Amino acid sequence: MRRGSILTMLLIGAVAFLATAAVALFIPWLPDQASREREGIDLTFWLATWICIGIFAVVAAVIGYSFLKFRVRPDDDSDGPPIHGHTGLEIAWTAVPFVLVVALGVVSAVVLTQNDRARGANPNEVAVTAEQFAWTFEHPNGVTSGTLRIPIGRSTVLRLSSRDVIHSFWVPEFGQKKDAVPGIETRLVITPKRTGTFPVICTELCGLGHSLMRSRVIVMTQQEYASWLEEEGGGQAAGTEPEGASVFAEAGCGGCHAFAPAESTAQVGPSLDGLPDDPQFVRTSIVEPDAELAEGFQAGVMPRTYGEQLSDRELDALVQYLLGGSQ
Ligand code: HEC
Ligand SMILES: [Cu+2]
């Protein structure tokens with residue numbers, strides 16, 4: 001091969017490499033990194049991305065060069081020369097992908113094994129229950145809510161289970177996903193390194209309301225978390241009145257319903273402004289959503305488990321809140 005040909009190919013390859021590398025680097029593809037486990041996930045992501053960029057540059061160089069050099073001239077109807085294999089080339093294109101794929105596999109296995117290990121002697125534990133189409137989190141103080149709360153800088157082991165079909169727990173900022181599978185318990189370790197509120201997303205198509213199966217995780221400082229555990233856990237036992245507004249927020253009603261006092265505007269379910277002034281009807285609508293379908297809406301979207309998830313007093317407070325009573 002002539003020197004000029006090699007130079008042309010190198011040039012095309014370099015341009016393809018730089019252009020794709022710029023797209024990879026200068027566009028913020030990934031969400032903020034909020035957990036230690038994300039570090040390994042990102043490492044694997046970038047390893048795969050750089051391998052792809054490298055392969056793309058090589059392929060683009062060869063195709064680009066062939067396009068310039070071997071393009072058919074007008075009126076040239078001749079066939080190309082017959083070619084019978086090239087042992088060296090075949091070995092190369094088998095061996096190189098083999099090495100790359102094995103490398104990706106090994107790195108992923110190491111990362112996943114490391115991520116499975118809780119750090120510290122005394123990890124926090126939360127039971128996560130998935131069902132069509134809601135998440136329920138049972139915290140160490142016994143408080144059950146639709147919002148997950150965990151402390152920063154300490155590992156939390158999530159024990160995932162499902163009541164119906166397969167769901168999958170995912171917080172983009174934490175990186176790793178884990179399926180919740182009926183009949184078995186799966187585990188996911190999270191060690192947050194940033195406080196804040198992040199979305200919890202179901203990433204396994206699980207039915208009609210799949211795209212609505214979202215919640216929030218609140219990462220708190222260790223101090224805030226400790227006092228929250230104590231207040232909420234102790235508060236329930238001590239018998240302070242639950243507030244309708246906070247039950248509404250914790251249970252995630254605002255994810256689907258518009259309700260002016262809560263400043264929510266979602267339109268998955270009917271607006272809760274101006275409900276009929278009938279506590280029994282409202283209560284039944286919450287506990288048995290499909291007993292009486294609101295007109296124009298489908299059954300099976302609103303979770304059917306609020307009756308279990310919310311205590312009697314919480315339900316009372318919620319109904320009062322929805323009907324414009326105190327709080
Ligand atoms: C995943 C979405 C979703 C969530 C979360 C949700 N709902 Fe619903 N809700 C619906 C849909 C859809 C309907 C209409 C179908 C039906 O009546 O079952 C509905 C109906 C209702 C109704 C009856 C309204 C009427 O006009 O008849 C009430 C009351 C209600 N929801 C209250 C709540 C409360 C309170 C919460 C939180 C504890 C909540 N919903 C959570 C989707 C949801
Ligand atoms: Cu789901």
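Why does Ile63 count as exposed? With 12 C-beta neighbours inside 10 Å, Ile63 falls in that class, because a residue is exposed if 12 or fewer other C-beta atoms lie within 10 Å of its own, buried if there are 20 or more, and partly exposed in between, with C-beta atoms placed from the backbone.

Before I go on, the ground rules. This is a predicted model, where local features need pLDDT of at least 70 and side-chain atom pairs count only at pLDDT 80 or more, while totals for chains, interfaces and linings use all residues. Residues are numbered from 1 along each chain as its sequence is written, and chains are lettered from A and ligands numbered from 1 in the order in which they are written.

Back to Ile63. It sits in helix α2, residues 36-69; helices here are DSSP runs of H or I with at least four residues, strands are runs of E with at least two, and both are numbered from the N terminus. Between Ile63 and Ile12 there are 51 residues in sequence, but 9.4 Å in space, C-alpha to C-alpha.

Next, helix α3, residues 87-116. Its 30 residues reach 43 Å from first C-alpha to last, close to the 44 Å expected at 1.5 Å a residue, where the expected span is 1.5 Å times one less than the number of residues. Two of the 30 residues of α3 are buried, so the helix lies largely in the open.

Now the domains, whose bounds come from an automatic or database domain assignment. That assignment gives domain 1 (3-67 + 89-116), domain 2 (124-238) and domain 3 (244-322). The C-alpha centres of domain 2 and domain 3 are 22 Å apart. Across that pair, 13 residues of domain 2 are in contact with twelve of domain 3, contact being C-beta atoms, placed from the backbone, within 7 Å.

One residue from strand β10 is Ser215. Is Ser215 buried or exposed? Ser215 is buried, since 23 other C-beta atoms lie within 10 Å. Ser215 touches Trp135, Gly146, Thr147, Leu148, Val200 and Gly252, leaving out residues up to four places away in sequence. As for Trp135, it is 80 residues from Ser215 in sequence and 6.9 Å from it in space, C-alpha to C-alpha.

Last, the ligand. Ligand 1 is surrounded by 28 residues, the closest being Cys253, Cys256, Gly269, Phe297 and Met302; a residue is near a molecule if its C-beta atom, placed from the backbone, lies within 6 Å of it. Helix α6, residues 279-287, gives the largest share of that shell, three residues. Domain 2 and domain 3 each supply at least three residues to the shell.

How values were computed:
Contact = placed C-beta atoms within 7 Å.
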